[in-house]
Amino acid sequence: MAYEVEKSDEQWRAELSPAEYQVLRQAGTEPAFRGEYTDTKTEGVYSCRACGAELFRSTEKFESHCGWPSFYDPKDSSAVELIEDHSHGMARTEVRCAQCGSHLGHVFAGEGYPTPTDQRYCINSISLRLASAEG
Ligand SMILES: [Zn+2]
């Protein structure tokens with residue numbers, strides 16, 4: 001599958017910090033409760049840290065107490081790409097940036113959170129960059 005933003009592995013390594021590269025390009029997961037946006041309530045838009053595409057809004061962020069920023073819906077359904085992930089012996093759905101293919105996190109459904117979609121987009125803080133609406 002071709003992405004709008006395509007870069008070589010060397011380019012990504014040069015542009016991202018080692019920690020960003022590990023999550024975004026190697027589908028790593030940052031430690032729970034350690035990411036900078038876990039409890040953030042600032043109003044604004046969360047963009048892909050790798051390519052800048054707008055992915056999530058603070059209005060769809062909710063307190064899941066799972067240790068990672070959680071959203072119940074992406075900004076646009078076309079902003080993210082969902083891929084079946086059977087790594088680590090689990091059947092999960094991976095969430096990637098639709099523009100550059102970078103790993104963002106996973107989406108879980110039917111967990112009983114009181115949200116309009118009953119979905120939890122569990123996203124690594126390090127995959128995102130928040131642009132505050134307050135400037
Ligand atoms: Zn991206």
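Visitor: What arrangement do the four donor atoms make around the zinc ion?
Guide: Tetrahedral, because the angles they subtend run from 103 to 114°. Bear in mind that this is a predicted model.

Visitor: And the ideal angle for four tetrahedral donors?
Guide: The ideal is 109.5 degrees.

Visitor: Which protein atoms are the donors of the zinc ion?
Guide: The SG atoms of C48, C51, C97 and C100. They lie 2.3 to 2.4 Å from the zinc ion.

Visitor: What spacing do the donors follow along the chain?
Guide: C-x2-C-x45-C-x2-C. Take C48 and C100: that pair links distant parts of the chain, 52 residues apart. C48 sits in strand β1, residues 44-48. C100 is in the loop between β6 (92-97) and β7 (103-109).

Visitor: Is C48 buried or exposed?
Guide: Buried, because its relative accessible area is 3%, under the 20% cut-off.

Visitor: And C100, buried or exposed?
Guide: C100 is buried too, with a relative accessible area of 2%.

Visitor: Switching to the sheet. What is the strand order?
Guide: β3-β4-β8-β7-β6-β5. These six strands form an open sheet, and the pairing is antiparallel.

Visitor: Which are the edge strands?
Guide: β3 (61-62) and β5 (80-85). Each of them pairs on one side only.

Visitor: How many bridges join β7 to β8?
Guide: Five. β8 covers residues 119-123, and the two strands run antiparallel.

Visitor: Which residue in β8 is the bridge partner of A109?
Guide: Q119.

How values were computed. Residues numbered from 1 in each chain as written. Predicted model: local features only at pLDDT ≥ 70, side-chain atom pairs only at ≥ 80, totals over all residues. Heavy atoms only, no water. Donors = N, O, S within 2.8 Å, 3.2 Å for Na, K, Ca; no water. Tetrahedral: all angles 85-135°; square planar, octahedral: opposite > 155°, others 65-115°. Helix = DSSP H or I, 4+ residues; strand = E, 2+ residues; numbered from the N terminus. Buried < 20%, exposed > 50% of the residue type's maximum accessible area, 1.4 Å probe, protein only. Pairing = 2+ DSSP bridges.
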